[in-house]
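Morning, everyone. Let's take a quick look at aromatic rings and a nonpolar core.

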Amino acid sequence: MAVRGTASGNEKWELSHRWIEGVIDRATHRTIVMHRITPSLKAGVEWNARANEVGIVANWRALSETRTRPALIFGTSSDRIGTPSGQSYYATVSKSLHPLPVAPYVGISYSGYEERFLVPFGVNVALPRGFSAMLINDGVHTHLSATYARPRLSLTVLAVERRQMGITLGTSF
């Protein structure tokens with residue numbers, strides 16, 4: 001998952017590193033560097049250090065969210081956390097439910113490792129003072145996260161499959 005809440009809109013680069021204890025080697029350390037090519041298109045490189053794997057990450061916001069329309073996003077990254085290899089390709093729709101501080105999402109992804117389609121879904125809840133929480137289902141397992149974000153910096157605590165703990169630190173510039 002890409003780091004959320006770090007960019008204020010003018011930054012061209014995003015850098016994040018995720019560390020998770022007690023998962024397969026591929027997921028233990030993941031570093032992503034992304035470049036914002038246009039306001040709606042980002043592309044970059046993902047490095048899974050313990051698996052010595054380098055891959056492509058990208059996402060394109062094909063439709064921005066409006067008061068009545070959800071956002072539509074297409075992208076690619078390494079396959080979900082529990083897979084030892086593979087690339088994932090996805091389409092996601094999300095919609096903020098104003099005035100409530102919640103934004104559910106649902107999508108479809110193709111798992112290159114499992115060679116099948118999955119239906120990821122979840123909900124983001126905005127909390128006061130730069131905090132947010134997410135319930136994430138990657139199409140197979142459920143994960144929880146809590147993020148503290150400031151302009152150009154974020155810290156996320158993860159509970160992968162609600163058991164293995166991890167952190168992601170992200171910045172944008």
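This is a predicted model: local features need pLDDT of at least 70, side-chain atom pairs count only at pLDDT 80 or more; totals for chains, interfaces and linings use all residues.

I'll go through the ring pairs, then the core.

Rings first. A pair of aromatic rings is described by the distance of the centres and the angle of the planes. How many aromatic pairs does the count come to? Three.

Take tryptophan 60 and phenylalanine 74. Their ring centres are 5.8 Å apart. Their planes sit at 25°. Planes under 30 degrees apart count as stacked, so this pair is stacked.

Now, accessibility. Tryptophan 60 has 41% relative accessibility, so it counts as partly exposed. Phenylalanine 74 is at 33%, and it counts as partly exposed too.

Next pair: tyrosine 110 and phenylalanine 117. This one is edge-to-face. The centres are 5.1 Å apart, with 65° between the planes. Tyrosine 110 is partly exposed, with a relative accessible area of 28%. Phenylalanine 117 is at 58% relative accessibility, so it counts as exposed.

On to the core. In soluble globular proteins, nonpolar side chains tend to be buried together. Which residues make up the largest nonpolar core here? There are five: Ile20, Val23, Ala27, Leu158 and Val160.

Let's stay with valine 23. Set aside its neighbours within four places in sequence. What is valine 23 in contact with then? Thr28, Val160 and Gln164. Val160 is also a member of that core.

Technical notes:
Residues are numbered from 1 along each chain as its sequence is written. Side-chain values use heavy atoms; hydrogens and water are left out. Rings of Phe, Tyr and Trp (its six-membered ring) pair if their centres lie within 6.5 Å; planes under 30 degrees apart count as stacked, over 60 as edge-to-face and the rest as tilted. Buried means under 20% relative accessible area, exposed over 50%, partly exposed in between (1.4 Å probe, protein chains only). A nonpolar core is a set of buried Ala, Val, Leu, Ile, Met, Phe, Trp, Tyr and Cys residues joined through side-chain atoms within 4.5 Å. Contact means heavy atoms within 4.5 Å.
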